[in-house]
Amino acid sequence: MADKKDRVLILLSALGTAGFFLLPLVEAKPNRIVSGEKLLALEYLGALGALIIMGWAMLMALSLYGTKRKDEYISIAAIITAVGLVVLLPIGGGSIQEIGANPRISFSSGFYIQVLFLYIILSTYLPRAGWRRRLKLLLGAGALLAMGSLIYMGYFERLSIIKEYGVRQRQFYNNLYIHGVLTFGSVLAGGLIAIPLGYLAYIKKRLEGRIMVPLSIIETIPSLSLFGILLVPLSGLGQLPFFRAIGVSGIGWAPAFVALTLYTLLPIGRNTLTGFHSIDKNVVQAAKGMGMSRGQILKRIELPLAFPVIFTGIRIAFIQTIGGAVLAGLVGGGGMGSFVFLGLAEASPDLILLGVIPIVFFTVILDYSLKAFEKYVRRVVYD
Amino acid sequence: MIEMQNVTKSYGDFKAVDNLSLHVDRGELLVILGPSGCGKSTTLRLMNKMAERSSGTIRIKEKEIDSFVEEDLRKGIGYVIQSIGLFPHMNVWKNIATVPQLLGWDESRIDGRVQELLLLVGLDPDKYKYKKPSQLSGGEAQRVGVARALASDPDILLMDEPFGAVDPINRLRLQKEFRQIQRRLQKTVVFVTHDIDEAILLGDRICIMNHGRVVSIDTPEKVVLHSEDDFVDSFFKGEGILTILSRKNLGDYMEEMPCEGEELEEDSTLKEALSLMLLTGKDRIPVRGGSISFNRILQVVGRDINEKA
Amino acid sequence: MKRLKGNMAAALVLILILALIVIYSREFEDLLYRYFSTKNTTGSRTPLLVYFGQHIWMVIVSSVIAVGIGVGLGIFATTKSGEEFRVPLLKVVNLGQAFPSPALLALVVPILGYGYEGALIALVVYALMPIVYNVVVGIDEVPEVVVDAAIGMGMTPFQLYRKIKIPLAMNVILGGIRTALVINISAATLAAAVGAGGLGVLVVNGVRTFDMVLILQGAIPVTIMAVIVELLLKEAQARLSF
């Protein structure tokens, strides 16, 4: 055990270290318009870079010489390196003075690469570390809280992404809100439609093909195409007074909402069908034999037993929809996608990041919590 | 043919096989018998290097097992497992042809061999050649498994509870047929089972294992009737004797005295004769070319019992 | 059997329609004009064929690369020496899934600049996920007793993969490739937003100018392409799995 070389860690830490030394860590601009200068980590951080180097060195050392509590040490080393990177970034310490009075710092490839490999290392070794789950969760929550407060206190002021945020704060929260509403709304609407449809396909076998096949076809339609195709019919619908009143038109939230709802139908519908089919037929037979009506069987037996699988479908739909809702930004529907596409149009990577990072963040959080809830539901149902 | 000396296989602190020594002669069918978890399957897998021993020597055909290239060793040994493991995406022909193809035989030779083997295991070649495993019953699949193991005409066959997954009626048929096949082919076979009757029926010698150790190795008669070990005794619980009778053919033990009545064939067993005696209430049963009496059976068993262990 | 024939027939019909649309794009455009009144009468200046070619080229190149790398990495992660790489590999690949496709595309821009190369890389990365995951899961699902019997017969690891593991995993693997390809076609539509061309340009421009004709000129061929790929690969799945 002590002598085994950890090939995975060797690879990851070597690449991360290479990223530190060889790739530019940041791009520094004196103002928003002028293109910036790419600076290597050592140039930018100066002496402070030693902290990061130490972190990577520790990881490399741990990869070559195993010890007993290896997973714990690796996790700690990775966390230190990551924290170091994040905390040192706005400070610089090297040549930051020469850039200008109010330099804007944006991430460059070196930063991304190091973050990527640190993420892989942490996500691989932290679960294996022997600490209690609660401790790990607390650690994660604490880290997030710390980050949040630092951002709030303006510690990261120099980062251009924060500057963008600062300028567009109201828009940011507005977009976040719209994105959330779109996501939850579509999944809710999709569930209300797809779950009954799935149940129908379950009880009437001959309808199964006729229900599932159109849903699969919808799933195949490329998302942008669907958004676009809905443009005219919805704008037509928007001419009618009732629909105009609630804001239906060719652009705006309507095509996004309809398209996203349509896309949730397959995962939810298919999982509903599978969920019901996974119930042991004998159980249903026994219930019938006891004299339960269809409705009672559904309520007391089938729904609870099928629920875990149905919930998986809902989870998949959620994750799918958060991402898909980004496209709403292209059709004027708001949401974080607005930042993404605006950033693309203006060639501003920071704006793009402002849209992307929150989405990724929420996707990960949502995925994690929904998976945890799923486990809980399974335990309740089956135990 | 196969020799194991002081072989141990440990998993951490647990010794699955504990300082075990045995040998299998050419053409012999050695049954390894024991309760679940006694290490019999592990012992088998040590012989074709599917498991790696922790210490001790193993020699196959007089050569150290480590001197073989693993894959070549295994191509020369037939391996049949309980769940058979037929390749679901290949038909019967292709399954059986697997090792010959790996060895580079030409098509016609393989085809002839597949025909021959299917006939040997009692399956109509034309009917079964192109069937897929999913279309076979448990008994049919197991026969194909045996045919597949014999395909390259290996000298050694390793079998791990091969008939365990088959229903009891078919199992008996398969056991009897396999006994015939073994008589013809005279392969060196190591056969693992926990079924006492199967062990007594098939084995030239039986090796009884418990807790990773050999408790007793000897012929079925000696093991069942002369065991000096309490464990072995409790294992057979005095019932093995009937199965021992089923190993013996009338042809070998019958008497010349003529007798009236419906005849048994020469290749029927002493057990069948005894059963018939009980059914008819007679103590002498006619056999083609002679007869067999109850006393004669007692003599045979008595000789077995009185033989020095 | 009947449904399979239906797949092939439907696919062939669609391929025919697609070919007609692309070759006779002028007539297609006029057809659209007749049924959808538009604000602008300019339509698209660049022939449909060009956009179609760009689109298909992007999809093919990125798919071939993604399948090559994905299958290779996936198989590697199931071998004895690759076993330790499995968890990190799946983590990376899962991470890609957390990024919605426009986000992934948008992110390569700051690193690699606008245009075709960046989009290609994003497409490859995005397609890797279903392929790698399905390869690993598919090979894992091969019944252990079958693998045991094969090793017991003396197959080398290479023979084991070639004759047993991969053929038996083929159904799942092809499913992953099918998913990846369909995702790719969809994502390539968005590549227009990063300057990579393709049929998405028509859709994006159409949305911007509220021109239904442009939108349909882009959306219809793309949708047909996606359905064709789905049908053909479903067919391949049915034929190549046991």
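Biologist: Hello! How many Å separate the centres of domain 1 and domain 2 of chain A?

Modeller: The centres, taken over C-alpha atoms, are 36 Å apart. Keep in mind as we go that this is a predicted model.

Biologist: Where does each domain of chain A run?

Modeller: Domain 1 of chain A covers 7–166, and domain 2 of chain A covers 169–382.

Biologist: How many residues does each domain bring to the contact?

Modeller: Domain 1 of chain A brings six residues and domain 2 of chain A brings seven residues. On the domain 1 side, helix α7 of chain A (residues 160–167) has the largest share, five residues. By class, that side of domain 1 has two nonpolar, three polar and one charged residues.

Biologist: Now for the contacts between chains. How should I read one?

Modeller: In general, the size of an interface is often given as the accessible area lost when the parts come together. Here we can go by residues in contact: 38 residues of chain C touch 36 residues of chain A.

Biologist: Which helices of chain C supply at least two residues to the side that touches chain A?

Modeller: They are α4 (86–98), α5 (101–112), α8, α9 (200–209) and α10 (212–240) of chain C. The most comes from α10(C), with eight residues.

Biologist: What is the make-up of that side of chain C by class?

Modeller: The side of chain C that touches chain A has 30 nonpolar, five polar and three charged residues.

Biologist: And how many residues of chain C are in contact with chain B?

Modeller: There, 15 residues of chain C meet 16 residues of chain B. Two elements of chain C give two or more residues each, α7 (144–152) and α8 (157–190). α7(C) gives the most, six residues. By class, this side of chain C has 10 nonpolar, four polar and one charged residues.

Biologist: Let us look at a pair of helices. At what angle do the axes of α9(C) and α10(C) cross?

Modeller: They cross at roughly 160° and come within 7 Å. An angle over 145 degrees counts as roughly antiparallel, so α9(C) and α10(C) are roughly antiparallel to each other.

Biologist: Is the crossing left-handed or right-handed?

Modeller: α9(C) passes α10(C) in a left-handed crossing. Residues making the contact include Leu202(C), Val203(C) and Val207(C) of α9(C), and Leu214(C), Ile215(C) and Ala219(C) of α10(C).

Notes. Residues numbered from 1 in each chain as written. Chains lettered and ligands numbered in written order. Predicted model: local features only at pLDDT ≥ 70, side-chain atom pairs only at ≥ 80, totals over all residues. Domains from an automatic or database assignment. Contact = placed C-beta atoms within 7 Å. Helix = DSSP H or I, 4+ residues; strand = E, 2+ residues; numbered from the N terminus. Nonpolar A, V, L, I, M, F, W, Y, C, P; charged D, E, K, R; others polar. Axes fitted to C-alpha atoms, helices over the stretch in contact; angles between N-to-C directions. Parallel < 35°, antiparallel > 145°, perpendicular 65-115°, else oblique. Left-handed = near helix turned anticlockwise from the far one by under 90°.
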